[in-house]
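Q: Please walk me through one part of this model in detail. I would like a close look at pockets and at what lines them.

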Amino acid sequence: MNALLWLINTVIQLYIYVLVASAVLSWLVAFNVVNVRNPIVSQIGEFLYRVTEPALRPIRNLLPNLGGVDISPIILILLLLFAQKLIADLYIQLAF
(Lines give C-alpha, C1' and ligand atoms only; values in the text may rest on other atoms or scores of the structure.)
Protein backbone atom coordinates (compact mmCIF):
# COMPACT_ATOMS: atom_id res chain seq x y z
CA MET A 1 0.00 0.00 0.00
CA ASN A 2 2.92 2.34 0.70
CA ALA A 3 4.20 1.94 -2.87
CA LEU A 4 0.76 2.73 -4.25
CA LEU A 5 0.55 5.88 -2.15
CA TRP A 6 3.99 6.93 -3.39
CA LEU A 7 2.93 6.36 -7.00
CA ILE A 8 -0.28 8.37 -6.61
CA ASN A 9 1.59 11.25 -4.95
CA THR A 10 4.24 11.22 -7.67
CA VAL A 11 1.68 11.28 -10.49
CA ILE A 12 -0.20 14.16 -8.85
CA GLN A 13 3.04 16.09 -8.34
CA LEU A 14 4.11 15.54 -11.96
CA TYR A 15 0.71 16.76 -13.17
CA ILE A 16 1.10 19.89 -11.06
CA TYR A 17 4.45 20.52 -12.78
CA VAL A 18 2.79 20.07 -16.17
CA LEU A 19 0.09 22.58 -15.20
CA VAL A 20 2.71 25.13 -14.16
CA ALA A 21 4.66 24.56 -17.39
CA SER A 22 1.48 25.02 -19.42
CA ALA A 23 0.67 28.30 -17.64
CA VAL A 24 4.21 29.62 -18.07
CA LEU A 25 4.25 28.69 -21.76
CA SER A 26 0.92 30.43 -22.32
CA TRP A 27 2.32 33.58 -20.71
CA LEU A 28 5.48 33.39 -22.84
CA VAL A 29 3.38 33.03 -25.99
CA ALA A 30 1.06 35.87 -24.95
CA PHE A 31 4.00 38.24 -24.38
CA ASN A 32 5.72 37.16 -27.62
CA VAL A 33 8.77 35.79 -25.83
CA VAL A 34 8.54 32.49 -27.69
CA ASN A 35 7.26 31.96 -31.20
CA VAL A 36 4.64 29.28 -31.79
CA ARG A 37 5.81 28.94 -35.38
CA ASN A 38 8.87 27.16 -34.03
CA PRO A 39 8.10 23.44 -34.46
CA ILE A 40 9.54 22.44 -31.08
CA VAL A 41 7.62 25.12 -29.20
CA SER A 42 4.50 24.20 -31.15
CA GLN A 43 4.84 20.50 -30.25
CA ILE A 44 5.46 21.27 -26.58
CA GLY A 45 2.49 23.62 -26.52
CA GLU A 46 0.24 21.09 -28.21
CA PHE A 47 1.30 18.36 -25.77
CA LEU A 48 0.70 20.59 -22.75
CA TYR A 49 -2.67 21.66 -24.12
CA ARG A 50 -3.81 18.09 -24.76
CA VAL A 51 -2.71 16.94 -21.30
CA THR A 52 -4.12 19.83 -19.27
CA GLU A 53 -7.22 20.94 -21.17
CA PRO A 54 -9.49 17.98 -20.22
CA ALA A 55 -9.00 18.80 -16.54
CA LEU A 56 -9.16 22.59 -16.94
CA ARG A 57 -12.22 22.81 -19.21
CA PRO A 58 -14.82 21.83 -16.55
CA ILE A 59 -13.32 24.35 -14.12
CA ARG A 60 -13.41 27.08 -16.78
CA ASN A 61 -17.06 26.28 -17.46
CA LEU A 62 -17.92 26.78 -13.77
CA LEU A 63 -15.99 30.03 -13.29
CA PRO A 64 -17.49 33.40 -14.18
CA ASN A 65 -15.85 35.51 -16.85
CA LEU A 66 -12.91 37.34 -15.25
CA GLY A 67 -11.80 39.15 -18.38
CA GLY A 68 -8.40 38.02 -19.59
CA VAL A 69 -7.45 36.34 -16.32
CA ASP A 70 -7.59 32.54 -16.20
CA ILE A 71 -7.40 31.20 -12.66
CA SER A 72 -8.44 27.65 -13.54
CA PRO A 73 -4.86 26.27 -13.25
CA ILE A 74 -4.58 27.72 -9.75
CA ILE A 75 -7.88 26.14 -8.72
CA LEU A 76 -6.87 22.79 -10.20
CA ILE A 77 -3.50 22.88 -8.43
CA LEU A 78 -5.24 23.61 -5.13
CA LEU A 79 -7.63 20.72 -5.72
CA LEU A 80 -4.74 18.38 -6.53
CA LEU A 81 -2.85 19.43 -3.41
CA PHE A 82 -6.02 18.86 -1.39
CA ALA A 83 -6.39 15.39 -2.94
CA GLN A 84 -2.76 14.60 -2.08
CA LYS A 85 -3.28 15.60 1.53
CA LEU A 86 -6.59 13.77 1.75
CA ILE A 87 -5.10 10.55 0.39
CA ALA A 88 -2.16 10.76 2.78
CA ASP A 89 -4.45 11.41 5.78
CA LEU A 90 -6.74 8.53 4.83
CA TYR A 91 -3.76 6.23 4.48
CA ILE A 92 -2.46 7.22 7.92
CA GLN A 93 -5.89 6.65 9.47
CA LEU A 94 -6.24 3.24 7.84
CA ALA A 95 -2.72 2.20 8.75
CA PHE A 96 -3.13 2.89 12.46
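A: Let's start with the term itself: on a 1 Å grid over the protein atoms alone, a pocket is an open set of points where a 1.4 Å probe fits, with protein on both sides within 12 Å along at least five of seven lines, and its lining residues have an atom within 4 Å of a point. The model is predicted, so to speak of local features takes a pLDDT of at least 70 and of side-chain atom pairs 80 or more, while totals for chains, interfaces and linings use all residues. Residues are numbered from 1 along each chain as its sequence is written, and side-chain values use heavy atoms, without hydrogens and water.

The largest pocket holds about 530 Å³ of space, a volume being what is filled by probe spheres set on grid points joined across faces, edges and corners. Its lining has 24 residues, and Ser 22, Ala 23, Ser 26, Asp 70 and Pro 73 lie nearest the centre. Helix 1 (2-30), helix 2 (39-62) and helix 3 (72-95) each give two or more residues to this lining; helices here are DSSP runs (H or I, at least four residues), numbered from the N terminus. Helix 1 gives the most, nine residues. By class, the lining has 16 nonpolar, five polar and three charged residues (Ala, Val, Leu, Ile, Met, Phe, Trp, Tyr, Cys and Pro count as nonpolar, Asp, Glu, Lys and Arg as charged, the others, Gly among them, as polar).

Now for how these helices pack. Helix 1 and helix 3 have axes 10 Å apart at about 170 degrees (lines fitted to C-alpha atoms over the stretch in contact, with angles from 0 to 180 degrees between N-to-C directions). They are therefore roughly antiparallel (over 145 degrees; under 35 is roughly parallel, 65 to 115 roughly perpendicular, the rest oblique). Their contact, meaning heavy atoms within 4.5 Å, includes Ile 12 and Leu 19 of helix 1 and Leu 76 and Leu 80 of helix 3, and has 14 nonpolar, four polar and no charged residues.

Helix 1 and helix 2 come within 9 Å and cross at roughly 120 degrees, so they are oblique. Their crossing is left-handed (the near helix is turned anticlockwise from the far one by less than a right angle; clockwise is right-handed). Ser 22, which lies nearest the pocket centre with the others named, belongs to this contact, as do Leu 19 of helix 1 and Ala 55 of helix 2.

Finally, helix 2 and helix 3 pack at about 110 degrees, axes 9 Å apart, which means they are roughly perpendicular. Ala 55 of helix 2 and Pro 73 and Leu 76 of helix 3 are among the residues in contact, which divide into seven nonpolar, one polar and one charged.
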